[in-house]
Amino acid sequence: MYNTHDILETIKMIEEEHLDIRTVTMGISLLDCIDSDIDKACEKVYRKITTCAAELVPVCERIEKKYGIPIINKRIAVTPIAMLASACQTSKVVKFALTLEKAARAMGVNFIGGYSALVGKGFASGDYALIESIPEALSITDHVCSSVNIGSTKAGLNMDAVKMMGKIVRQAAELTADRNCIGAAKLVVFCNAPEDNPFMAGAFHGVGEPDCVINVGVSGPGVVRAALEKAGDMDLSGVAELIKRTAFKITRVGQLVAREAATALGVPFGIVDLSLAPTPAVGDSVAHILEEVGLEQCGACGTTAALAMLNDAVKKGGVMASSHVGGLSGAFIPVTEDAGMIDAARAGTLTIEKLEAMTAVCSVGLDMINIPGDTPPEVISAIIADEAAIGMINSKTTAVRVIPAIGKKVGEELEFGGLLGSGPVMKVNTASPLKFINRAGRIPAPIQSLKN
Amino acid sequence: MKAVLTVVGKDSVGILAKVSNGCAEFNVNIIEVSQTVLSDMFCMIMVCDITDISCDFGDFADKMKALGDTMGMSIHVMHEDIFNSMHSI
């Protein structure tokens, strides 16, 4: 009835090749918590989250036992807080961050995302106050994650927001300089941000989403690498086919867990995110897949082509395995979270310029990159602008999560621990983009936006 | 509802007896057993009916894992759906 080989393969994937469910993320709408009194709004937010997510962690733990597969993170994503802040007309929006932190601790989740603002075309009331409060919010909380969407293919780029975010990223690092600048590691700047992304730091619950929803992100770079290693010599058609088959199997587990969690919690199943998400653990690296394909080290010439093939094959295999696919869906390349990327960055093979090229063909963007502590805000803004432009023109999500290593220089290291990992400070081109960034205004939506 | 129980480790006397005793204790019915011994390595796969299981499935999985630890074997109990999902369309 069951094939022994199949059974042992599944167990090997979980036990030896780090197959796991990276995250079960519950999206919760807070639109019904809006109140002109911030204290009342916070009370409603706390009550809503702790009611909806009360069973999230216990249900996930039961599923882990039932299928014998680890669910590494349980997370919550909420409506962008700027929308709630706009009703309050107060500058003390950081109270919302403290409420989210309290709720996250009460529910026992690993992260809570949604301390966010969507300013792709301009600032609405509440957006300024929220963005200004991000560095403080991230320094006084542990679980809260923040994101800002500064542009889209449809709207172009809000360069006022880009200019602002360079300073905010720096401040987030400065305020947490005593803790390896961890604040900046919990802040991501998006172009074309998806509304149903289960991955942090960029998860928030979009306004088009249902009241409460379950989204799942799978992980499995180790499984793909092991399959390629076992297969030995084959041409790239064969490699792509093998990755596709493996991605199918990985995603089916995600689909199974997502359905089961949604049913047990009595909320709709949203999407499975088809991403290959690495961890710093040895054997769980996207860079090592690229090296298995045939590169001496990630970052070598050929990396972008190999990554494009990997990213496409993962999607093709995954899309058939799940009834609803969404979120970021692609291979992630966060430097400090990937053992192979860390080694390549230390060796100097992997540079920010190469990473930028790689982001044009995969999800998500310049992610978890440590940059020198003296990098000026306008350079950070310009990095954001470059990355956002790639997303805008290619109608894809791109993001920037760079960590200015305050007080450190190229070659020194930052150590975040856990899934965020550690890594070297990488060299940044510091020729000044000041005049460009200070022009501010908007970059108009590209011709690609005119599809109607 | 069915579960798949796998036992892997160094061969010794009484593995099958201890594992099936464990199943009986929790009213888990063994439907199918296949086993091989390859150069001293014992590998057994059992398909079990867990419809009338007398405890929580998670507790059963934990107890069998603990039983495996006492024998120096690795025992996994997983619901059949994970294999069906992964290996069939």
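How many helices and how many strands are there in chain B? In this predicted model, chain B contains three helices and four strands. Read from the N terminus, the elements of chain B follow the order β-α-β-β-α-β-α. Taken along the principal axes, the box filled by the C-alpha atoms of chain B is roughly 35 × 30 × 20 Å.

Chain A comprises 16 helices and 15 strands. For chain A the radius of gyration is 21 Å, close to the 22 Å given by the globule rule for 452 residues, so chain A too is as compact as a globular protein of its length. The C-alpha trace of chain A extends over about 65 × 50 × 50 Å along its principal axes.

The contact between the two chains was examined next. Chain A contributes 19 residues to this contact, and chain B contributes 19 residues. On the side of chain A that touches chain B, the elements giving two or more residues are α1 (4-15), α3 (56-67) and α10 (236-265) of chain A. By class, this side of chain A consists of eight nonpolar, five polar and six charged residues.

Within chain A, two domains are assigned: domain 1 covers residues 27-191 and domain 2 covers residues 218-449. The centres of domain 1 and domain 2 of chain A, taken over C-alpha atoms, are separated by 22 Å. In the contact between them, 39 residues of domain 1 of chain A meet 44 residues of domain 2 of chain A. On the side of domain 1 that touches domain 2, at least two residues each are supplied by α3, β5 (151-152), β6 (156-158), α7 (159-175), α8 (182-185) and β7 (187-191) of chain A. Helix α7(A) provides the largest share of that side, with eleven residues. The side of domain 1 of chain A that touches domain 2 of chain A divides into 24 nonpolar, eight polar and seven charged residues.

Two pairs of packed helices in chain A were described in detail. Two packed helices are described by the angle between their axes and the distance between the axes. Helix α2 (residues 38-52) and helix α5 (residues 94-107) of chain A pack at an angle of about 20°, and their axes lie 9 Å apart. Because angles under 35 degrees count as roughly parallel, α2(A) is roughly parallel to α5(A). The two helices α2(A) and α5(A) form a right-handed crossing. From α2(A), the residues in contact are Ile38(A), Cys42(A), Val45(A), Tyr46(A), Ile49(A) and Thr50(A), and they meet Lys95(A), Phe96(A), Thr99(A), Lys102(A), Ala103(A), Ala106(A) and Met107(A) of α5(A). Nine of the residues in the contact of α2(A) with α5(A) are nonpolar, two are polar and two are charged.

The second pair consists of helix α9 (residues 221-231) of chain A and α10(A), which pack at an angle of about 140° with their axes 10 Å apart. Helices α9(A) and α10(A) are therefore oblique to each other. The crossing of α9(A) and α10(A) is right-handed. Helix α9(A) contributes Val223(A), Val224(A), Ala227(A), Leu228(A) and Ala231(A) to the contact, while α10(A) contributes Val239(A), Leu242(A), Ile243(A), Thr246(A) and Ile250(A). The contact of α9(A) with α10(A) comprises nine nonpolar residues, one polar residue and no charged residues.

Most residues other than glycine have a negative phi, and most peptide bonds are trans. Met200(A) and Ala201(A) are joined by a cis peptide bond with an omega of about 15°. Ala201(A) is located in the loop between β7 and β8 (212-219) of chain A. Another cis peptide bond joins Ser363(A) and Val364(A), with an omega of about 0°. Val364(A) belongs to the loop between α14 (352-359) and β11 (365-372) of chain A. His18(A), a residue other than glycine, has a positive phi near 60°. The loop between α1 and β1 (20-28) of chain A holds His18(A).

How values were computed:
Residues are numbered from 1 along each chain as its sequence is written. Chains are lettered from A and ligands numbered from 1 in the order in which they are written. This is a predicted model: local features need pLDDT of at least 70, side-chain atom pairs count only at pLDDT 80 or more; totals for chains, interfaces and linings use all residues. Axes are lines fitted to C-alpha atoms, for helices over the stretch in contact, and angles run from 0 to 180 degrees between N-to-C directions. Angles under 35 degrees count as roughly parallel, over 145 as roughly antiparallel, 65 to 115 as roughly perpendicular and the rest as oblique. A crossing is left-handed if the near helix is turned anticlockwise from the far one by less than a right angle, and right-handed if clockwise. Two residues are in contact if their C-beta atoms, placed from the backbone, lie within 7 Å. Ala, Val, Leu, Ile, Met, Phe, Trp, Tyr, Cys and Pro count as nonpolar, Asp, Glu, Lys and Arg as charged, and the others, Gly among them, as polar. Domain bounds come from an automatic or database domain assignment. The radius of gyration is taken over C-alpha atoms; the globule rule is 2.2 Å times the number of residues to the power 0.38.
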